[in-house]
Amino acid sequence: MKRCILAMLLFITALLAAGQEKMPPERFLVKIPANPEFAFIRKCSPHSRERGEKSPVASDYYLAIYPVTNAEYARFTAETGHRTPGYWKNGRFPPGREKHPVLEVSYSDAEAYCKWLGKKYPGWNFRLPSEAEWENAAAGPEHLEFPWGNHSGVHLKDAVLISRFNFNAVAAAYYLKNHPERQLTFIHRKSAQRGRQIRLSDLLSVDASGKVRGWIDHRNYTGFVYTDLFRELVLRGGFTTPVDFYPDGKSFYGCFDMAGNAWEWTSSDIIAANGAERGKRVKAIRGGSWYAGRNSCRTSYRGEGRNPKGRYGTVGFRLAAEKKTSPP
């Protein structure tokens, strides 16, 4: 009986994701023109940027309008038996999160998805974008600081955060508005305050520009990310939003969610400049996430990287593609 129920649930999940397969790739991809002069941007100070190393984008390519969603990834796992993300239960993503970006997928998981989708569209080669291709598409021909312009546009209005993208201030503002009196407990084993309770509004705050205070403190393992509430949040897939939730945040080329919501794998190897992977050769990830601060969601932000074998609660992926050339 349980097997029958599970099979039916997987079938329903597959139907939810089937929309992409029914449409030609041009409907869920956008063509990005070549940029032989592309160079990464270096932010030298809060008010100045300069061109960094060149990384020519020699050919036109296609990029997915949206990151891969839970529903789309569910069709892949149902057909192939590939492992599902850890926050899914019994092979199913959390209810109501069909259009949220899939998380906890390794680099090889993302490659396997590309290979599977390529079999459905024999005339196309699906892959992950290089770091240069990703930034080129996100920043547009004017190399904007954010996909929509050079200012984040974040501000508070009547205690409500107004934003074009999903980053840590969105989650913080939500909890401050809806659960300010909730008691949180510090749970990290290395925290000197382990077991101590604190009221949420006494821990978190968000200023007018979207800067969050009380989110994390790596020195003493305190902050919101070291509480029981944050652990609950991660176990159900984080504070993601539907991939089409921020239409005002789309890029010059029409791509959504290139700032925030979920970091995206790229095919480029880098030496991580910060974080837990600092100094190690890793795959570059770009775009920021629901967990990241505002500045990490800029189109030019570099330094983050992840072990390609890892599966992270803030990292998903977006497809790149090109049409296969017909033999002469």
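The entries start with the ground rules and then take the topics in turn.

**Ground rules.** I am working on a predicted model, where local features need pLDDT of at least 70, side-chain atom pairs count only at pLDDT 80 or more, and totals for chains, interfaces and linings use all residues. I number residues from 1 along each chain as its sequence is written, and side-chain values use heavy atoms, with hydrogens and water left out.

**Helix H6.** I took helices (H or I, at least four residues) and strands (E, at least two) as DSSP runs numbered from the N terminus. I call a residue buried under 20% relative accessible area, exposed over 50% and partly exposed in between (1.4 Å probe, protein chains only). H6 spans residues 168–178, and I found Asn168, Ala169, Val170, Ala171, Ala172, Ala173 and Tyr175 buried in this helix. I then looked up what covers these residues: the cover includes strands E7 (160–162), E10 (205–206) and E11 (212–213), along with helices H7 (200–203) and H8 (228–235).

**Largest pocket.** I used a 1 Å grid over the protein atoms alone; a pocket is an open set of points where a 1.4 Å probe fits, with protein on both sides within 12 Å along at least five of seven lines, and lining residues have an atom within 4 Å of a point. The largest pocket holds about 910 Å³ of space, the volume being that filled by probe spheres set on the points, which are joined across faces, edges and corners. Its lining has 29 residues, and Ile216, His218, Tyr291, Arg306 and Thr314 are the closest to the centre. H8 and strand E14 (305–306) are the elements that give two or more residues to this lining; H8 gives the most, with 3.

**Salt bridges.** I counted a side-chain nitrogen of Lys or Arg within 4 Å of a carboxyl oxygen of Asp or Glu, and the count came to 20. Arg302 pairs with Glu131, with the closest N and O atoms 3.0 Å apart. Arg302 sits in the loop between strand E13 (281–286) and E14, and Glu131 in helix H5 (residues 131–139), so this pair ties together parts 171 residues apart in sequence. I noted Glu131 as buried at 3% relative accessibility and Arg302 as partly exposed at 27%. Glu133 bridges to Arg127 at 2.9 Å between the closest N and O atoms; Glu133 is buried at 11%. Asp217 and Arg219 meet at 3.3 Å, N to O. Asp217 is buried at 18%, whereas Arg219 is exposed at 77%.

Definitions and conventions: Contact means heavy atoms within 4.5 Å.
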